[in-house]
Amino acid sequence: MTEISDSQAMRLIQNKDIPQEILSSSRFVAVVLTQDWCPQWLFMKRWLVDMENEGVKVYYLSYNRKPYFSDFMEVKESVFGNDQVPYVRYYVNGTFAGDSNYVSRELFLSNFREGARV
């Protein structure tokens, strides 16, 4: 699991999209946008750390303690249309395949199986 860097987060804010180097880093990519206090995030984080063994590259950003918090949250809520945490975006071969909030490990992985058929 890889933390999104501040420079990547700033590009996300500017371009209103996930940076290409994240999307192209693996066939299956998940981007988790969250806040560090969220209990569902803390639960998911326990099994997300092992997702590379399943062929999924996971990136995350706990943006609540960042200086760009308000700008980031504006993009997340207005462009991505989600005001809940954790917020997960799924990509298959660099293409958006869906999104969710808190899910179980099995449902998380099913987003890639379904997306892989697209």
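This is a predicted model: local features need pLDDT of at least 70, side-chain atom pairs count only at pLDDT 80 or more; totals for chains, interfaces and linings use all residues.

Residues are numbered from 1 along each chain as its sequence is written, and side-chain values use heavy atoms, with hydrogens and water left out. Helices (H or I, at least four residues) and strands (E, at least two) are DSSP runs numbered from the N terminus.

- Five strands form an open sheet of mixed pairing in the order 1-3-2-4-5, where two strands pair if DSSP finds at least two bridges between them.
- Strand 1 (2-3) and strand 5 (95-100) stand at the edges, each with a single partner strand, so one side of each has no neighbour in the sheet.
- Strand 4 (residues 87-92) pairs with strand 5 in the antiparallel sense over five bridges, and Tyr-90 has Gly-98 in strand 5 as its bridge partner.

**Helix 1**
- In helix 1 (residues 6-15), Gln-8, Ala-9, Leu-12 and Ile-13 are buried, meaning under 20% relative accessible area, whereas exposed means over 50% (1.4 Å probe, protein chains only).
- The face of helix 1 turned away from its buried side carries the exposed residues Gln-14 and Asn-15.
- Just after helix 1, Lys-16 takes a positive phi of about 55 degrees.

**Packing**
- Ala-9, Leu-12 and Ile-13 in helix 1 meet Asp-71, Phe-72 and Val-75 in helix 4, contact being heavy atoms within 4.5 Å.
- The buried residues of helix 1 also pack against strand 1, helix 2 (20-23) and strand 3 (56-62).
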